[in-house]
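We'll go stop by stop, with a note on what you'll find at each one.

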Amino acid sequence: MLAGEYYIASDPELQKDHERAVLLANKYNSASPLLADREERQKIFRELIPNQGSGCYFEPPFHCDYGINIELGIDSVLSV
């Protein structure tokens with residue numbers, strides 16, 4: 001789509017990216033809510049959404065289609 005082409009949801013590359021996002025979101029949503037486990041949850045969230053500034057946090061459940069197109073936080077906005 002960014003190159004002006006049609007969006008085809010059944011494209012194998014898009015399906016792979018979507019499956020990755022679904023698995024990571026599920027892992028994030030099912031991670032322990034304990035404060036001691038927050039670092040592990042943040043690690044999963046950074047893998048799901050690599051373009052994020054410091055201090056980003058979402059209370060589960062979190063869902064997205066791909067994750068890689070999302071940018072969060074002041075740090076990510078300033079780097080554009």
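Start by selecting Ala-21, Leu-24, Ala-25, Tyr-28, Ile-44, Phe-45, Leu-48, Ile-49, Cys-56, Phe-62, Cys-64 and Leu-72: these 12 residues are the largest nonpolar core. A nonpolar core here is a set of buried Ala, Val, Leu, Ile, Met, Phe, Trp, Tyr and Cys residues joined through side-chain atoms within 4.5 Å. Buried means under 20% relative accessible area, exposed over 50%, and partly exposed in between (1.4 Å probe, protein chains only). Helix 1 (12–30) and helix 2 (38–48) each supply at least two residues of this core, and helix 1 gives the largest share, four residues. Helices (H or I, at least four residues) and strands (E, at least two) are DSSP runs, numbered from the N terminus.

A quick word on what you're looking at: this is a predicted model, where local features need pLDDT of at least 70 and side-chain atom pairs count only at pLDDT 80 or more, while totals for chains, interfaces and linings use all residues. Residues are numbered from 1 along each chain as its sequence is written, and side-chain values use heavy atoms, leaving out hydrogens and water.

Next, show helix 1 and look down its axis. Ala-21, Leu-24, Ala-25 and Tyr-28 are buried here. What covers the buried ones? Helix 2 is part of that cover.

Now click Ile-44. Leaving aside residues up to four places away in sequence, Ile-44 touches Leu-24, Lys-27 and Tyr-28, where contact means heavy atoms within 4.5 Å.

On to the rings: select Tyr-28, Phe-45, Phe-58 and Phe-62, a cluster linked by ring pairs. Rings of Phe, Tyr and Trp (its six-membered ring) pair if their centres lie within 6.5 Å; planes under 30 degrees apart are stacked, over 60 edge-to-face, and the rest tilted. The count comes to four aromatic pairs. Phe-45 and Phe-58 have ring centres 5.6 Å apart and planes at 45°, so this pair is tilted. Is each one buried or exposed? Phe-45 is buried, at 0% relative accessibility, whereas Phe-58 is partly exposed at 32%. Phe-58 also pairs with Phe-62, tilted again, at 4.9 Å centre to centre and 55° between the planes.
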